[in-house]
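Please look at the sequence and the model shown here before reading on. The paragraphs below then lead through the structure step by step.

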Amino acid sequence: MALEAIARLEELVDQLLTERIELQERNRELSAECDRLLQDRSRVSDELDKLLDKLEHLEGENQ
């Protein structure tokens with residue numbers, strides 16, 4: 001009985017370690033995607049700032 005319990009615990013530990021590795025990989029993928037999205041957001045924000053500056057400049061010329 002004790003050997004069966006130890007064998008089952010070993011199986012569960014192996015399963016948990018496998019799941020941990022999978023979760024760590026998924027976390028790395030999500031972190032990389034988050035970094036890409038933040039870079040995109042920053043780039044879009046910079047472009048919008050440039051456009052707003054141009055619009056303000058044009059409005060100033062029209063007044």
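This is a predicted model: local features need pLDDT of at least 70, side-chain atom pairs count only at pLDDT 80 or more; totals for chains, interfaces and linings use all residues.

Residues are numbered from 1 along each chain as its sequence is written, and side-chain values use heavy atoms, with hydrogens and water left out.

The protein chain has one helix and zero strands (helices, H or I, of at least four residues and strands, E, of at least two are DSSP runs, numbered from the N terminus). Its radius of gyration is 27 Å, well over the 11 Å that the globule rule gives for 63 residues, so the chain is more spread out than a compact globule; the radius is taken over C-alpha atoms, and the rule is 2.2 Å times the number of residues to the power 0.38. Along the principal axes, the C-alpha atoms fill a box of roughly 90 × 10 × 5 Å. The C-alpha atoms of R26 and E61, 35 residues apart along the chain, are separated by 52 Å. Buried residues make up 0% of the 63 residues, where buried means under 20% relative accessible area, exposed over 50%, and partly exposed in between (1.4 Å probe, protein chains only).

The structure holds five salt bridges, each defined as a side-chain nitrogen of Lys or Arg within 4 Å of a carboxyl oxygen of Asp or Glu. One of them joins R8 to E11, with the closest N and O atoms 3.3 Å apart. Both residues lie in helix α1, three residues apart, about one turn of the helix. Another links R36 with E33, the closest N and O atoms being 2.6 Å apart. R36 is partly exposed at 44% relative accessibility, and E33 is partly exposed at 35%.

Patches are made of residues with over 30% relative accessible area and no salt bridge; like charges are joined within 9 Å, and nonpolar side chains (Val, Leu, Ile, Met, Phe, Trp, Tyr) within 5 Å. L48 belongs to helix α1, residues 2–62, and is partly exposed at 46%. D46, D49, D53, E56 and E59 gather in a surface patch of negative charge. E56 also lies in helix α1 and counts as exposed, at 53% relative accessibility.

How values were computed. Accessible areas come from the Shrake-Rupley method with a 1.4 Å probe; for residues, only the protein chains shown count as cover. Lys and Arg count as positive and Asp and Glu as negative; His and the chain ends are not counted. The place of a charge is taken as NZ of Lys, CZ of Arg, CG of Asp or CD of Glu.
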